[in-house]
Amino acid sequence: MPPAQEIAQLGIGLVIVLLLVFYGGTMLMSLRIGRRRENADGYMTAGNRIGFGVSAASMTATWIWASSMYASVTAGYTYGVSGPIHYGLWGALMILFIYPFGKRIRAVAPRAHTLAEVMYARHGRSSQLMLAGSNVLGSLISLTSNFIAGGALIAMLSPLSFGTGILIVAAGVLLYTLWSGFRASVLTDFAQVLCMLGAAVVVIPVIFFAAGGPAMFEAGVAAGSVTSQQQDFLSSDAFLNQGAPYIAAVLAYAIGNQTIAQRLFAVREDLIKPTFVTATVGYGATVIGVGMLGVMALYLGITPLDGDVNNLLPQMAATYLPWALLALAFLMIIGALSSTADSDLSALSSIVMADVYGQSVGKEKANPKTMLLIGRITMVVATGAALYFATSQLNILDLLVFVGALWGCLVFPVIASFYWQKVTNMAFTVSVIAALVVFLPVRFEWVSLTGVLALPIELLATVGIGVVLSIMAFGFFGLRVGVAVGVVATLAAAPFTLFFLRDYTVLSASLVAYAVSFLVCWAMSVRSKQRFDFATIRRVTGDFDTAETATADAPAEVVSDPRPGGDAPAHARD
C-alpha cells in the first residue's frame, strides 16, 4: 500500500478540461431550456408537471451532495462498518417518509412554489417568515459548504489554489442555473446523477481490490486498527452518537427544506410516490457505497491528510485509482456538489420571488418579468455571499446546528398545519420559539446536564422519541396508529433513557426540540375554536403568470393542465 500522503494529481490541464466539459455541457442544456417562453412559475417549479425520470434523478442528486459523501466516509472511518449504514440508511428512509406528507401537501396546495408560501396562506406572516428565514440561512450555508468542498477537491488534485477552485465551481454553477432557474437544475440533475451513480459503481470496487480486497479486513484486525465496536454491524456507539441524532436531523431536513419542497411541488402529483421511492434506493446505495471507502481507510490504518477526515474521500481516490478513474471520481464529486448547489440557488430565488416579492404585492399584482429579474439577482447575490463565507473564518458547523435546530422545531407545527384545522398562527409561532429557546442551551452545553436539571431534559427527550416515531407512523398509517406508536415508544423508552441520555448531548438536544414544539403546539391548539378551511390555501397560492392564474383557481371540479402537450393529472378539489 502506498503511503496515504503520496497522492496523485490530475494536473492543471486535465482538471481545466474536465471542468470545461462538465460545466460547458450543463450550460448547453440550460441554454436549450432558455429558448422557450420565459415563465416565472416555470423558473420556480417547472410548471408542476415534471415526469418520473427527471424528478427521481433530481431528488436523488439533490439529496446526494458533496457533504453527504464526505460525511458518510467520515462515519465509516470513525464508527467502522455500521457508520455508513447508519448515515445512508436513515437518510434514505427519510426520503421515503416525505412522500405520504407530500401527497397531502400537494392536495392542499397543488400549485404552490414554497412551503413558506403555504404557511402564509395557512397562518400568516410570522410562520411564513420562520420557514423562509430558516431556508435562506440553510441554503446559504449549504451553498457555502459545497463551494468549500469543490475548492478543496480542486486544490488537492491539481496545482490550482483553493480560492481559484471555489471561484470556478461558483461561476460554473451560477452560469447554467441563472439562465433557466429550477428547470435547469432538474434537467442537469439527470445528467449529474447518471455521472455520480456510474462513477460509484466503477470507482468503489476498483479501490476495494486495489487496496487489498477482503484481506485488508483481516490485516486491519490483526494490526489493531479497529475496535470491537467498529467491527460490529449493530454498534451501539455508532447508533447513539450518529444514527439516532441523524434520524431526527434528517426528518427535520426533509420536512423543512425548500430544495426538497421545490421538487415536491414540481413533480406530477401521480408520480410523487414512485419518485421518492426510487430516490430512496438511489441515495441509500450510493451514499452507503461511498462511505465504505472510510471503512477501508480505517482498516488500512490510513491517516487523513493534514489530519482532516474530510480529505479521506479524495485521498483514497488519489491513492488507489489510475488517472482515468481518478478523473471519473473527480467528476462524481463535482457532480454531487453542483447538483445541490444549483438546488440551493433555485430554492433561494424561489423564496425571494414568491415569499418576499410575490406576497408583498399580491399574487394578482405580481409582474412575472419582475419576478424573473428578482430571481436572477438573488442567485448572483447568494453566490457572492457564499463565496465570502467560504473564504472567511465563520464557524459553519455552529450555523448548521442552528438551522438544523430551527427545522427540528418546525416539523410538528408544519405537519399539523396540513391536517389539523385547530392549529393557530399563535400556536405555530410560540411552539417554534419555545422549542428553540430550550434547544440552544442544551445543544451548546450552556447548561450542564447533571443533577436536578438533567432529569427534565431527559424526560423531554424521551417524549421526543415518541414524537419522531409517531410522525413517521402517522404519515403511512394514519392518526390512530401514529398516536399509539408515540405513546408506546415513549413509555417503552423511558426505563432506558432516564439517567442515560444526559451523556449524549447532540441526541438529547435534537429530541428536546421535537418534544417542546409538539407539547406547546398541541396545548395551545387543542382548545382552539378555529376551524380552518383548507380550500383557502388553494385560492391564496397558485401561479403568478396571469395566463395560468385563472386556471389554477378555476371553480370546476376537475382542472386539466392547459399547456400544449400537458398531461398532468386532474386536481381534485378539497
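The structure holds zero disulfides, a disulfide being a pair of cysteine sulfur atoms within 2.5 Å. This is a predicted model: local features need pLDDT of at least 70, side-chain atom pairs count only at pLDDT 80 or more, and totals for chains, interfaces and linings use all residues. Residues are numbered from 1 along each chain as its sequence is written, and side-chain values use heavy atoms, with hydrogens and water left out.

Select Cys409: it is buried, at 0% relative accessible area. Buried means under 20% relative accessible area, exposed over 50%, and partly exposed in between (1.4 Å probe, protein chains only). Next, pick Cys521, also buried at 0%.

Now select helix α5 (residues 82-108) and helix α13 (residues 258-266). Helices are DSSP runs of H or I, at least four residues, numbered from the N terminus. The two pack at an angle of about 60°, with axes 10 Å apart. Axes are lines fitted to C-alpha atoms over the stretch in contact, and angles run from 0 to 180 degrees between N-to-C directions.

Show side chains at this contact (heavy atoms within 4.5 Å). From α5, Ile98, Gly102, Ile105 and Arg106 meet Ile260, Leu264, Phe265 and Ala266 of α13.

Last stop: Phe499. Find it in the loop between α21 (479-497) and α22 (505-525). Phe499 is exposed, at 60% relative accessibility.
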